[in-house]
Amino acid sequence: MATTTSITTTYAGEFAGKYIAAALLSAPTLEQGGVTIHPNVKFKQVIQKIGTDGLTKDASCDFTATSTVTLTEKILQPEEFQVNLQLCKKDFHSTWQAAEMGYSAFDVLPKSFSDYLIGYVAEKVASSMETTIWTGANATAGQFDGIMTQIAADAALPAAQEVAGTTVTAANVVAEIGKIVDAIPARLYGAADLKLYLSQNIVKAYIRALGGFGASGLGANGTNNQGTQWYTNGSLSFDGLPIFMANGLAANTGLATTTANLHFATGLLNDMNQVKVLDMADLDGSENVRVIMRFTADAKYGFADDIVTYGITNSAN
């Protein structure tokens, strides 16, 4: 049985246009190095966590153990996912690209549509993965528990590092991001890979504020007196800390942690952008074309006490 296909189109002459995909959510968390990526994980990979106390003691002539070492671990175990679509070539007979299929009774999928479909499926998977990495729920088909989902149930997250959130606007965004920075513990502040991971709406509000529409003495003319024209998709920072816009985060949420504390595992990275299109005509004589994609993925964080959250209600605290 073919995947349900609904086509609404008007013929406007040969090659009058191209297939246009809707704007897709980009996946910066993986593409821009927002997490530590572990490729080639076939089954499991262990993240070792080492805790110590009281390392330094008064000197003596004897060897005396000066600390208690606690070894714990988190396990990255990529889950298997798949994309299976089946299209009937006859569905495209009446479309404006029917001429591309040729005049023979033995049709082939229009090449431009085939290329489009491959790219579209790969981008959709990337979009879905971006959301799953942060807010996924294992109970939902096609997802695993995301980082924020795990944090919300982790009793190890210190209550002092759990910042209550609100609806962020250009008027309050500086104060709200400041609360995150203020909650960063001394041992974490200054780490080379420390970042502020913020939802898209918080980043938008911050850009608007820096354009002169915020409070906190930002001025009516904004950054460099350019008003709202100052930002050209460059890098952003707050109090010297780099801002990472994580599109998969829910609105009005964020966290501060290091890149080394966030982990993503998969089998082969290449699996996530390989899509196979199989014409079934030579196999079963049907008019069907199948689109197939398989990959594995999982995400974890290492130390909860090296994370500051914003707008997350922790059920364990």
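This is a predicted model: local features need pLDDT of at least 70, side-chain atom pairs count only at pLDDT 80 or more; totals for chains, interfaces and linings use all residues.
Next I looked at one pairing in detail. Strands E9 (residues 254-258) and E13 (residues 308-310) run antiparallel and share three bridges. Which residue of E13 is the bridge partner of Ala256? I noted Val308.

I stayed with H4, which spans residues 173-182. Lys179 and Glu176 form a salt bridge there, with the closest N and O atoms 3.0 Å apart. The two residues sit three places apart in the helix, about one turn. Are these two partners buried or exposed? Lys179 has a relative accessible area of 39%, so I logged Lys179 as partly exposed. Glu176 is at 8%, so I logged Glu176 as buried.

**Other salt bridges.** My search of the whole structure gave four salt bridges. One of them joins Asp279 to Lys89, with 3.2 Å between the closest N and O atoms. Asp279 belongs to strand E11 (residues 276-279), whereas Lys89 is in the loop between E4 and H2. The pair therefore ties together parts that are 190 residues apart in sequence. Asp279, at 32%, counts as partly exposed.

I also looked up Lys300. The Lys300 side chain meets that of Asp298 in a salt bridge, 3.0 Å from N to O. Both Lys300 and Asp298 are buried.

**Gln150.** Lys300 came up again when I turned to Gln150. I placed Gln150 in helix H3. Why do I call Gln150 buried? The relative accessible area of Gln150 is 15%, and buried means under 20%, so Gln150 qualifies. I set aside neighbours within four places in sequence and listed the contacts of Gln150: Asp145, Ala299, Lys300 and Tyr301.

**Largest core.** I went on to the nonpolar cores. In soluble globular proteins, nonpolar side chains tend to be buried together. The largest core here holds 39 residues. Ile133, Trp134 and Phe264 have the most contacts inside this core. Which elements give two or more residues to this core? I listed strand E4 (79-88), helix H2 (111-135), helix H3 (147-151), strand E10 (262-265) and strand E12 (288-301). H2 gives the largest share, eight residues.

I found another core lying apart from the largest one. How many residues does this other core have? I noted 29, among them Val174, Ile177, Leu194 and Leu210.

Definitions and conventions:
Residues are numbered from 1 along each chain as its sequence is written. Side-chain values use heavy atoms; hydrogens and water are left out. A nonpolar core is a set of buried Ala, Val, Leu, Ile, Met, Phe, Trp, Tyr and Cys residues joined through side-chain atoms within 4.5 Å. Buried means under 20% relative accessible area, exposed over 50%, partly exposed in between (1.4 Å probe, protein chains only). Helices (H or I, at least four residues) and strands (E, at least two) are DSSP runs, numbered from the N terminus. Contact means heavy atoms within 4.5 Å. Two strands pair if DSSP finds at least two bridges between them.
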